[in-house]
Amino acid sequence: MKRVNPCLVVLSGCALGISATCMAGSGKLLATPGVSQVEGSAGGGIVPWAQLAGYASDEQWSLGGFCSRASVDDYRLDVCGIQANLFDRVELSYAEQTFDVPALNTEIEQSVSGVKVRLYGDIVYSAWPQLSLGMQHKSLKDDAVAALLGAEEDSGTDVYLAASKLHLGALGGFNAFWNITARHTKANQLGLLGFGGQHGSERIYLEASTAIFLSQHLALGYEYREKPDNLGLGEQQWQDVFVAWFINKQVNITAAWLDLGSIAGQPGQTGWYVSVTGYF
């Protein structure tokens, strides 16, 4: 019998709006939680933001799920995950990643467990940016490829600090958003190629996002993610240009053009990305 991914069940339920305990109708503005990031957290496609998933207020909880696919010249990354927002203070997330490597006729699987805590502020209503501290623990299910390439470990933990702010009507009447994230990591290609290596060491890397809201439901943005090159394979920075469609407070869809640079020695990895998120 084919195994049913529980993340898909959560996502389907959210999209159909069948939950009797839906918390997505709180007073928060549409789109303020952002979308879903490939490691499970709320954020952009490749960068976690300071926002917490869902629309829960300080007296509510919310539950959500997402699935995404990134397809570039020589690889494909499929991710499904679930997210919980506890009283607009703590976000818990879990994601399963499957990285398809056709040249080796293999798939690399990794699980990512995350927690994010809002330390200060609100992206709209406080004078200073919202500030959150997050952690993502990543574990490979099979480290054969990572070990072959010279990675030191098959699991690792990223710690990041994110600051986000939404400025209402800031650009000719359009809402403008920005985020800066500092990440302490030694993950090679998100951890899919293991952690650490003889060509680098654990340090802090910068990530950034910006977007303008063309309407209440539509945002156009850009993301950048600095990455380590511990394996000496020429691992390069990631970037994307994305369009996010916030249909309502239950469902949003993101599409993006990706430039992921060199991956495992294969240069010029460009392609597309699509993600669907649903919230209870």
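**Figure 1. A network of salt bridges that links Glu39, Lys138, Asp158, Arg183, Glu207 and Arg225.** The view is taken from a predicted model, in which local features need pLDDT of at least 70 and side-chain atom pairs count only at pLDDT 80 or more, while totals for chains, interfaces and linings use all residues. Residues are numbered from 1 along each chain as its sequence is written, and side-chain values use heavy atoms, with hydrogens and water left out. Side chains of opposite charge can pair when their charged atoms come close. A salt bridge here is a side-chain nitrogen of Lys or Arg within 4 Å of a carboxyl oxygen of Asp or Glu, and by this rule the structure has 15 of them. Arg183 and Glu39 fall in the buried class because Arg183 has a relative accessibility of 1% and Glu39 has a relative accessible area of 1%.

**Figure 2. A salt bridge between two strands, formed by Lys116 and Glu91.** The closest N and O atoms of Lys116 and Glu91 are 3.8 Å apart. Lys116 belongs to strand β6 (residues 106–120) and Glu91 to strand β5 (residues 90–101), so that the pair ties together parts that are 25 residues apart in sequence. Lys116 is buried, and Glu91 is buried as well.

**Figure 3. Two aromatic pairs, Trp49 with Phe177 and Tyr55 with Tyr279.** Rings of Phe, Tyr and Trp (its six-membered ring) pair if their centres lie within 6.5 Å, and planes under 30 degrees apart count as stacked, over 60 as edge-to-face and the rest as tilted. The structure holds four such pairs. In one of them, the rings of Trp49 and Phe177 have centres 4.5 Å apart and planes at 45°, so this pair is tilted. Trp49 sits in the loop between β2 (42–43) and β3 (61–72) and Phe177 in strand β9 (residues 174–185), so the pair ties together parts that are 128 residues apart in sequence. Trp49 counts as buried because its relative accessibility is 5%, and Phe177 is likewise buried, at a relative accessible area of 4%. Tyr55 and Tyr279 form an edge-to-face pair, with 6.0 Å from centre to centre and 80° between the planes. Here Tyr55 lies in the loop between β2 and β3 and Tyr279 in strand β14 (residues 270–279), so the pair ties together parts that are 224 residues apart in sequence. Tyr55 is buried, with a relative accessible area of 2%, and Tyr279 is buried with a relative accessible area of 2%.

**Figure 4. A barrel closed by twelve strands.** The strands follow the order β3-β4-β5-β6-β7-β8-β9-β10-β11-β12-β13-β14, and their pairing is antiparallel. Two strands pair if DSSP finds at least two bridges between them. Strand β3 and strand β4 (residues 76–86) pair in the antiparallel sense over eleven bridges, with Trp61 having Leu86 as its bridge partner in β4, and the two strands form a hairpin with three residues between them. Nine bridges join β3 to β14, again with an antiparallel course, and Ala70 stands opposite Tyr273 in β14. Strand β3 is mostly covered, as nine of its twelve residues are buried.

How values were computed:
Helix = DSSP H or I, 4+ residues; strand = E, 2+ residues; numbered from the N terminus. Buried < 20%, exposed > 50% of the residue type's maximum accessible area, 1.4 Å probe, protein only.
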